[in-house]
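This report describes selected parts of one protein model. Keep the sequence and the structure in view while reading.

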Amino acid sequence: MARQIHIEQQPEEALDEAVRVIEAGFPVAIPTETVYGLAADATNPAAITRIYETKGRPQFNPLICHMANMAMAEQHAIFDPISRKLADAFWPGPLTLILPLRQGSPIHSLATAGLDTVGIRIPKGFAGALIERLGRPLAAPSANSSGKISSTSAAHVEADLGQKIELILDGGPAPVGVESTIIKVESDGSVRLLRPGGLVADEIERVAGVEIVRPATASAAIEAPGMLASHYAPGAAVRLNATSVHKGEALIRFGGKPLTGEADAVAVLDLSPSGDLAEAAANLFDHLKRADASGATTIAVASIPNRGLGEAINDRLERAAAPRS
């Protein structure tokens, strides 16, 4: 069982212990504003290998590298003008930029899956302070088994990975609740959305001054995390856009709207009774885990509006419902 330290109660011990474990080449579960991350030294190949082994993650799926500040980010990546505008507007925060890897960067190729680009983010709060104390970037995918539901609390991490890691830092529930939005600015100045997330696409378009390009179909090339067709999946099957509930299913609904047959559901959970998409995003992974724990073989999910953060919520649900290998 992993040792847990509550950051609010023991902030200095949390920093010191995290640095000790990371410098020894092992991953640590840390809170970020999006979800909990499994963090290790992005320059240490043995440490990165342990991330992949702990998660059971395929090594062709690259890792986001988290930086303490813009100065550190510029040591490892080359920024075009639009990417710099986005970084200035939204960092620290839930935005990941896919950028050319700077020649001579010590970020190991295991973290980038051998690509000549790197996904970079500057997180808020404790994670940023930890990176600054360490002095090196952290590779930090979500702290859960690969392809499964992301963790938004220390309890989620403990239930999934507690037997595999040494240290979990408890910072309370992740306030955003879904992973970062991933953007890539192409050489022609177009801005591509690789993964919707905790930063609404409309805000990115407002700052970039150009319309975001969304792929018409899923790309076969894995350029960034979260692009696998099946991802964020519970053990139970997931049925989307449900208008009624079958006997024995668990139900995840939205906006306080009851569905026909929900009296026979194993469990009924509402992402946001008031219809608040930010609240729904924060509750998404927790509710998926709770529905999965109910014993239902299928989780029925009501329709979620595809605007604002609803785009990220629906992306995660579609991948959770995708056919599994």
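L15 lies in helix α1. The model is a predicted one. The relative accessibility of L15 is 9%, so this residue counts as buried, the cut-off being under 20%. Apart from neighbours within four places in sequence, L15 is in contact with F126, A129, L130 and R133. S146 is 131 residues away from L15 along the chain, and the C-alpha atoms of the two are separated by 26 Å.

How do the axes of α1 and α6 cross? Helix α1 covers residues 11–23 and helix α6 covers residues 126–134; their axes come within 10 Å and cross at roughly 55°. The two helices are therefore oblique to each other, and their crossing is right-handed. On the α1 side, the contact is made by E12, A14, L15, D16, A18, V19, I22 and E23. On the α6 side, F126, A129, L130, R133 and L134 take part.

## Helix α8 and its two sides

Helix α8 spans residues 201–208, and A201, I204, V207 and A208 are buried in it. Looking down the axis of α8, these buried residues fall within an arc of 125°, so they line one face of the helix. The face turned away from the buried side carries D202 and R206, which are exposed.

Several elements pack against the buried residues of α8: the helices α4 (81–90) and α10 (310–321), and the strands β5 (95–100), β9 (181–185), β10 (191–195) and β11 (212–213). After α8 comes G209, which has a positive phi near 80°.

Is strand β9 enclosed or open? Five of its five residues are buried, so β9 is largely enclosed by the rest of the structure. In a regular strand, side chains alternate between the two faces of the sheet. In β9 both faces are covered: T181, I183 and V185 are buried on one side, and I182 and K184 are buried on the other.

β9 runs parallel to β5, and four bridges join them.

Helix α7 (residues 154–161) has the buried residues A154, H156, V157, E158 and L161. The elements covering them include the strands β1 (3–6), β2 (28–30), β3 (37–41) and β8 (167–170), together with the helices α2 (45–55) and α9 (277–293).

H76 is placed in helix α3, which covers residues 70–76. Its relative accessibility is 4%, so H76 counts as buried. Which residues does H76 contact beyond its neighbours within four places in sequence? They are M67, P100, L101, R102, S105, P106, I107, V118, I120 and P137.

## An open sheet of four strands

Four strands form an open sheet in the order β12-β15-β13-β14, with parallel pairing. β12 (237–242) and β14 (267–270) stand at the edges with a single partner strand each, so one side of each has no neighbour in the sheet. From one strand to the next, the twist averages 20°.

Within the sheet, β13 (residues 250–253) and β15 (residues 298–302) are paired in the parallel sense over three bridges. I252 has V301 of β15 as its bridge partner. Helix α10 lies across β12 and β15, and runs at about 135° to β12.

## Backbone details

A cis peptide bond, with omega about -5°, joins W91 and P92. P92 lies in the loop between α4 and β5.

A113 is not a glycine, yet has a positive phi of about 55°. This residue is found in the loop between α5 (109–112) and β6 (117–121). With 26% relative accessibility, A113 counts as partly exposed. N241, also a residue other than glycine, has a positive phi near 55°. N241 is in strand β12 and, at 51% relative accessibility, counts as exposed.

Definitions and conventions. Residues are numbered from 1 along each chain as its sequence is written. This is a predicted model: local features need pLDDT of at least 70, side-chain atom pairs count only at pLDDT 80 or more; totals for chains, interfaces and linings use all residues. Side-chain values use heavy atoms; hydrogens and water are left out. Buried means under 20% relative accessible area, exposed over 50%, partly exposed in between (1.4 Å probe, protein chains only). The arc is that of the directions from the helix axis to the C-beta atoms. Contact means heavy atoms within 4.5 Å. Two strands pair if DSSP finds at least two bridges between them. Axes are lines fitted to C-alpha atoms, for helices over the stretch in contact, and angles run from 0 to 180 degrees between N-to-C directions. Angles under 35 degrees count as roughly parallel, over 145 as roughly antiparallel, 65 to 115 as roughly perpendicular and the rest as oblique. A crossing is left-handed if the near helix is turned anticlockwise from the far one by less than a right angle, and right-handed if clockwise.
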